[in-house]
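Q: Could you walk me through reading the side-chain contacts in a model like the one below?

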Amino acid sequence: MRPAYADTYWNRLSVSGKLAALTALFGVSLAALIAISVLALKNQQADAAIADAMGRQRFLLVRYYVDVLQAAEGSRTDPQVVKRVFDGNLASMLSGGSVQVSLLGDERVTVPAPSEDIAAKLREQRSQAGRLELALGRYLAAAADQRPALLDQMTEARIAATTVADEAAKMFIAQSRARVNTAILLQLALGAAVLALGSALAYVVGRSISRPLQACVAMAEAISAGDLSQPPIPVSSGDEGGRLATAFNAMRLSLRAITEESRATAARLSDSVQEILGSIQEQASSTRQQAAAVQEITTTVEEIGQSALQVAEMARHVGSAADAMAASGQSGLQSVRDAAAAMEAIRVQTENAAETIVALSERTQAIGEIISTVNEIAEQSNLVALNAAIEAAGAGEHGRRFAVVAGEMKALADQAREATRQVRSILEQTQRNISSSVLLIEEALKRVGVGRDKAQGAEEVIHRMAEGVQETSGSFQQVVGATGQQQIGLEQISQGLQQIRQASVQTATGTDQLAKAAENLGQLGTALTRLMGKYRL
């Protein structure tokens with residue numbers, strides 16, 4: 001018969017499957033949000049390009065106006081180049097197409113057809129641009145004395161055309177902001193819906209996981225308190241929680257069976273131990289009496305052997321101390337010799353370090369000469385920069401760039417002069433430190449010589465002391481040999497008595513151990529009975 005939960009696909013899913021379904025939901029929702037965001041960003045990029053193109057129309061109108069004024073003054077500027085770019089971009093904006101971004105380059109961007117209100121504003125912009133073109137044409141065709149009278153009309157037409165261009169750009173920016181706000185509202189709505197659905201699924205998944213776990217925890221706490229009479233946990237799903245509940249039910253039944261069998265076994269064990277313990281206690285009493293008699297004889301012999309052992313041990317310690325003292329004398333003599341050799345090596349290394357420091361002092365003097373040369377070059381560069389600045393001032397407007405170069409040359413010369421001053425200060429401090437190091441090394445050489453002389457004197461004293469200790473060590477070795485022979489004789493007597501005592505002690509010990517084992521076994525049976533008694537079946 002199939003369980004009730006097997007008919008529900010959600011209940012048949014494992015915990016990992018439920019979490020995977022929840023993760024998949026959030027993944028799909030996140031992908032949708034990302035797609036909407038990417039689409040909104042792309043639209044924003046396109047709107048930014050269109051807004052830039054509309055704003056550039058105002059720049060082209062002003063540039064066209066300026067080019068006409070320059071052409072009227074006799075410049076070779078061709079105002080029609082800017083006018084053609086303006087007209088072409090305006091036509092592309094009205095119908096949708098490619099718009100030229102750079103006036104002198106070939107960079108272009110494609111814009112879609114605008115809305116009707118923006119198209120109307122663009123057509124108005126084209127009309128105002130035509131009025132500006134007529135005013136500029138009249139200005140170019142008029143004589144020089146008539147142009148000031150036409151300048152106000154031309155300026156009024158330019159302001160009207162640029163104002164319409166600004167209004168068209170502002171209308172498009174407002175429309176773009178409305179689309180961005182719509183995309184934001186859509187994302188917020190989708191996010192809220194996903195959050196609500198995800199929260200509901202998370203609650204369902206958490207409840208399907210927590211309920212079996214809570215039931216298992218309650219049963220585990222009851223079992224730990226000794227209550228095996230708990231009813232079985234209801235199983236409502238086939239996931240890990242359901243399988244855990246099934247395992248707990250089986251564990252409860254198994255513990256009940258083990259507890260019942262253990263109680264019966266502990267009762268039988270307690271009865272058997274009491275019978276064994278009685279017979280062992282009678283045997284242990286007689287064995288202890290025999291062991292006590294042998295123990296008295298063995299104790300007397302051990303006291304005599306212990307006294308002989310102490311004498312031999314004292315003689316052995318004295319001999320070992322003498323040998324250790326002789327070895328220490330040889331080690332001390334070798335240490336003094338090593339110290340003298342180390343003093344000599346330190347002296348040689350110190351002399352080498354002194355030679356290296358002297359060579360370093362000579363190199364710092366050479367660096368000082370190089371710094372003087374660099375300082376002279378900086379002074380000459382400063383003078384050249386000053387002359388260049390004077391020449392640039394005399395050249396007027398044409399020498400302005402040369403004056404900038406002259407200023408940079410003077411700044412570099414000042415930086416070089418300041419750097420040489422700092423390096424010279426560092427070198428002077430280094431030379432003073434080198435002189436102090438030479439004096440310290442000379443003092444160290446003197447102290448190394450004194451230390452070497454003292455080490456040689458210590459070597460002679462330790463050598464004489466080591467010879468005296470070796471003679472003393474030979475005498476103590478003879479004493480150790482004599483006491484060792486006495487100890488061997490006493491140990492042979494003690495071993496014979498020990499064998500007799502050990503035989504009786506082993507018998508008594510074996511009996512005591514057997515009695516203790518029986519007592520421990522009885523205690524174990526009692527503890528097992530008491531332990532099983534706390535479980536309620």
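A: Gladly! Let's start with charges over rings: a charge sits over a ring if NZ of Lys or CZ of Arg is within 6 Å of the ring centre and within 35 degrees of the ring normal. Keep in mind that this is a predicted model. Here the charged end of Arg-158 sits over the ring of Tyr-65, 4.9 Å from the centre. Arg-147 also lies over a ring face, that of Tyr-139, with 5.5 Å to the ring centre.

Q: And how many aromatic pairs are there?
A: In general, a pair of aromatic rings is described by the distance of the centres and the angle of the planes. In this model the count is 0 aromatic pairs.

Q: Which residues does Lys-83 join in a network of salt bridges?
A: A salt bridge needs a side-chain nitrogen of Lys or Arg within 4 Å of a carboxyl oxygen of Asp or Glu. Lys-83 is linked with Asp-87 and Glu-133 in such a network. Between Lys-83 and Glu-133, the closest N and O atoms are 3.2 Å apart. This pair links distant parts of the chain, with Lys-83 in helix H3 and Glu-133 in helix H4, 50 residues apart.

Q: Is Lys-83 buried or exposed?
A: Buried means under 20% relative accessible area. Lys-83 has 6%, so this residue counts as buried, whereas Glu-133, at 31%, is partly exposed.

Q: Which residues touch the most other members of the largest nonpolar core?
A: Met-54, Leu-61, Leu-122, Leu-132 and Leu-136 do, in a core of 35 residues. Helix H2 supplies the largest share, 9 residues.

Conventions: Residues are numbered from 1 along each chain as its sequence is written. This is a predicted model: local features need pLDDT of at least 70, side-chain atom pairs count only at pLDDT 80 or more; totals for chains, interfaces and linings use all residues. Side-chain values use heavy atoms; hydrogens and water are left out. Rings of Phe, Tyr and Trp (its six-membered ring) pair if their centres lie within 6.5 Å; planes under 30 degrees apart count as stacked, over 60 as edge-to-face and the rest as tilted. A nonpolar core is a set of buried Ala, Val, Leu, Ile, Met, Phe, Trp, Tyr and Cys residues joined through side-chain atoms within 4.5 Å. Buried means under 20% relative accessible area, exposed over 50%, partly exposed in between (1.4 Å probe, protein chains only). Helices (H or I, at least four residues) and strands (E, at least two) are DSSP runs, numbered from the N terminus.
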